[in-house]
Amino acid sequence: MVIVVMGVTGSGKTTIGSMLAARLGWDFADADEFHSAENKAKMHQGIPLTDADRAPWLAAIHERIAQWLAEKRNVVLACSALKQSYRQLLWTGPEVRFVYLRGTYDLIAERLRARKGHFADEHILAGQFADLEEPTEAVIVDISASPEDMVDEICRRLGLAAAPAKL
């Protein structure tokens with residue numbers, strides 16, 4: 001199974017996704033790793049990405065998801081997946097589930113102002129909210145909860161149990 005933890009920049013995709021993967025004993029991947037240097041430079045400059053900018057990025061992620069599923073690997077992927085058309089490109093079958101981290105603009109902007117060392121910042125947030133098409137086929141989690149409570153909720157809603165403790 002591949003769980004895509006989605007939402008706008010600053011919603012907590014990497015934090016929640018990595019915590020979820022650790023809880024389940026699964027692999028974790030961040031879709032930011034699939035962006036070209038040009039896309040990262042644009043985002044760092046506050047220039048919103050276009051669909052044309054995102055097309056090769058989404059294609060690369062789609063290929064990787066298909067590879068993970070063919071290898072029978074369980075992976076949590078942090079990926080913005082803002083538009084329905086993007087999610088359709090990423091969805092390769094019922095083994096792919098989406099978890100949407102929903103939050104207010106003000107809360108996320110506050111978090112971004114406190115974040116250091118990331119190429120995406122508050123400058124692109126307005127564009128991400130403008131592009132966002134909230135999913136109807138996803139587990140929706142409110143980001144005002146604690147990260148631990150969010151992970152608990154995701155596991156409960158997806159019917160997934162934590163990995164057994166290693167001795």
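**Cavities, strands and loops**

Reader: Hello! How many residues in the lining of the second largest cavity are charged?

Author: The residues of that lining divide into three nonpolar, two polar and three charged. In this scheme Ala, Val, Leu, Ile, Met, Phe, Trp, Tyr, Cys and Pro count as nonpolar, Asp, Glu, Lys and Arg as charged, and the others, Gly among them, as polar. Lys 13, Asp 30 and Asp 32 are among the lining residues, and the count of charged residues is three.

Reader: Thanks! Which pLDDT do side-chain atom pairs need in order to count?

Author: Residues are numbered from 1 along each chain as its sequence is written, and side-chain values use heavy atoms, with hydrogens and water left out. This is a predicted model, in which totals for chains, interfaces and linings use all residues, local features need pLDDT of at least 70, and side-chain atom pairs count only at pLDDT 80 or more.

Reader: Which helix gives the most to the lining of the largest cavity?

Author: The lining includes Met 43, Arg 54, Gly 127, Gln 128 and Asp 131. Helices (H or I, at least four residues) and strands (E, at least two) are DSSP runs, numbered from the N terminus. With three residues, the top contributor is helix 6 (residues 125-131).

Reader: Now the strands, please: which residue of strand 4 is the bridge partner of Ile 3?

Author: Two strands pair if DSSP finds at least two bridges between them. Strand 1 (residues 2-6) runs parallel to strand 4, and five bridges join them. On the other pairing, strand 4 runs parallel to strand 5 (residues 139-142) with four bridges. For Ile 3, the bridge partner in strand 4 is Arg 97.

Reader: How many of the seven residues of strand 4 are buried?

Author: Buried means under 20% relative accessible area, exposed over 50%, and partly exposed in between, with a 1.4 Å probe and protein chains only. Strand 4 (residues 96-102) is mostly covered, and the number of buried residues is five.

Reader: Is Lys 72 buried or exposed?

Author: Lys 72 sits in the loop between helix 3 and strand 3 (75-78), where its phi is about 60 degrees, just after helix 3. Most residues other than glycine have a negative phi. Because its relative accessibility is 73%, Lys 72 counts as exposed.

Reader: And Ala 81, buried or exposed?

Author: Ala 81 lies in the loop between strand 3 and helix 4 (84-90), with a positive phi near 45 degrees. Since its relative accessibility is 0%, Ala 81 counts as buried.

Reader: One last thing: with which side chain does the side chain of Asn 39 make a polar contact?

Author: Asn 39 lies in helix 2 (residues 37-44), and at 5% relative accessibility Asn 39 counts as buried. A polar contact is a pair of N or O atoms within 3.5 Å; within protein, one must be able to donate a hydrogen and the other to accept it, and residues adjacent in sequence count only if both atoms are side-chain atoms. At 3.2 Å, the partner is the side chain of His 35.

How values were computed:
On a 1 Å grid over the protein atoms alone, a cavity is a set of points where a 1.4 Å probe fits but cannot get out, and a pocket is an open set with protein on both sides within 12 Å along at least five of seven lines; lining residues have an atom within 4 Å of a point.
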